[in-house]
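Subject: Structure for you to look at

Hello,

Here is the structure I promised to pass on. Please open it first, then read the notes below beside it.

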Amino acid sequence: MKLKQLEGLLGDLRQFSRPKVELEQYATGPHIASRMLYTVENSFEDITGKVVADFGCGCGTLAVASSLMDAEHVVGIDIDLHALEIAQENASDLELDIDLIQCDIKNLNLRGLLVDTVVMNPPFGTNNKGADMEFISMGLKVASRAVYSLHKTSTREYIKKAALRNCNAISAEVLCEVTK
Amino acid sequence: MRLLTHNMLASNARGAVTGYPLKLQVVKWSTKEVEPNADFLRGILPKLDWPALVAATHALGLPELLPETPPTDAELSAEGAAEEEGGPLRRLHRALLEIHIEEGTLVCPDTERCFPISRGVPNMLLHEDEVRN
């Protein structure tokens, strides 16, 4: 799939009509989501033919993008049923099969080495301090290949350090910086 | 939810030892055919918990779908394996990726805590006082 095509399809997805502030719900834009997944596949081969989990999937943008990039199995996980219902609709509109689980990421219990790659646009911890690190820490527990996550510039250095020091990450790298 | 997801999902309820495998009670399921990917199936085979997968197919009322012991890599790699209807590769593919649990319950094997599956989505939420320490 071409980047433009991916971005176009993601641009048509339904998003939150009334985002819940306490959950830091905000849509992952089609521009950033398409580039993120495109890079993850084309530079690291971590999507096509892989098992991909989207943590805090919300309306499912990254999960749908993974599926469009030919992930073999995609699991979207979110605490909010309403978001999962929209994700379900988005997937079925595009005739994609995505498994969805309603779960609080910090209480997730996923066994074994089945998940290759975790992608996420997590809460930044603005409203619920530490939520971003809970997501990272669980992602590193679950992914047998890599975790790809979006963060604010102001927390970038902290997250890199904490991932290496506290979450047993083998390496932590900034792949892209968005400037305004 | 498909059985590949069931194969990785465990309960985090207080009192759970491993919380795995979740017992499956099925009210409604459906099938949706998709193209098998032989390389993917060969890669995932050694990572599966085979008894958990077999138990799940039994819970679906499909005791004939999978054998008690997993297929060998040679069986999955055999020429024409992906085309052989009813062959080991197609059966594994069907079990993992074509069966969708629509309505039912997942039960924690250690605590009997029930997690409902509604419209395909298992609800694994726990109250704060129910979470494993």
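**What was found**

B:Pro21 lies in the loop between helix H1 (3–6) and strand S1 (23–31) of chain B. Helices here are DSSP runs of H or I with at least four residues, strands are runs of E with at least two, and both are numbered from the N terminus. A cis peptide bond joins B:Tyr20 and B:Pro21, with omega about -10°.

This is a predicted model, in which local features need pLDDT of at least 70 and side-chain atom pairs count only at pLDDT 80 or more, while totals for chains, interfaces and linings use all residues. Residues are numbered from 1 along each chain as its sequence is written, and chains are lettered from A and ligands numbered from 1 in the order in which they are written.

**The sheet of chain B**

Four strands of chain B form an open sheet in the order S1-S2-S3-S4, with antiparallel pairing. Two strands pair if DSSP finds at least two bridges between them. In general, strands of a sheet pair through backbone hydrogen bonds, either parallel or antiparallel. The edge strands are S1 and strand S4 (121–122) of chain B, each of which pairs on one side only.

Going through the sheet in order, S1(B) pairs with strand S2 (residues 99–107) of chain B over eight bridges. B:Gln25 has B:Thr105 in S2(B) as its bridge partner. S2(B) is joined to S3(B) by four bridges, and here B:Thr105 stands opposite B:Pro116 in S3(B). These two strands, S2(B) and S3(B), form a hairpin with six residues between them, and B:Glu112 in the turn has a positive phi of about 65°. Two bridges then join strand S3 (residues 114–118) of chain B to S4(B), again antiparallel. In that pair, B:Ser118 stands opposite B:Val121.

**The sheet of chain A**

Chain A has an open sheet of five strands in the order S3-S2-S1-S4-S5, and its pairing is parallel. Its edge strands are strand S3 (99–102) and strand S5 (146–149) of chain A, each pairing on one side only. Neighbouring strands of this sheet are turned by 20° against each other on average, direction ignored. Strand S1 (residues 51–55) and strand S4 (residues 117–120) of chain A pair over four bridges; A:Asp54 has A:Val119 in S4(A) as its bridge partner.

**Helix pairs in chain A**

How do H1(A) and H2(A) pack, and at what angle? The angle is about 135°, with the axes 9 Å apart. Axes are lines fitted to C-alpha atoms, for helices over the stretch in contact, and angles run from 0 to 180 degrees between N-to-C directions. That angle makes H1(A) oblique to H2(A) (under 35 degrees is roughly parallel, over 145 roughly antiparallel, 65 to 115 roughly perpendicular and the rest oblique). The crossing of H1(A) and H2(A) is right-handed; a crossing is right-handed if the near helix is turned clockwise from the far one by less than a right angle, and left-handed if anticlockwise. Among the residues that meet are A:Leu6 and A:Leu10 in H1(A), and A:Ala33 and A:Tyr38 in H2(A). Residues are in contact if their C-beta atoms, placed from the backbone, lie within 7 Å. The contact of H1(A) with H2(A) has six nonpolar, three polar and one charged residue. By class, Ala, Val, Leu, Ile, Met, Phe, Trp, Tyr, Cys and Pro count as nonpolar, Asp, Glu, Lys and Arg as charged, and the others, Gly among them, as polar.

In the loop between helix H1 (3–11) and helix H2 (30–44) of chain A sits A:Glu24. Phi of A:Glu24 is near 50°, a positive value in a residue other than glycine.

Helix H5 (residues 131–142) and helix H6 (residues 156–166) of chain A pack at about 40°, with axes 11 Å apart. That makes H5(A) oblique to H6(A).

**Where the chains meet**

In this model, 20 residues of chain A are in contact with 28 residues of chain B. On the chain A side, strand S2 (73–78) and S3 are the elements that give two or more residues. S3(A) gives the largest share, four residues.

Regards

Methods
Two residues are in contact if their C-beta atoms, placed from the backbone, lie within 7 Å.
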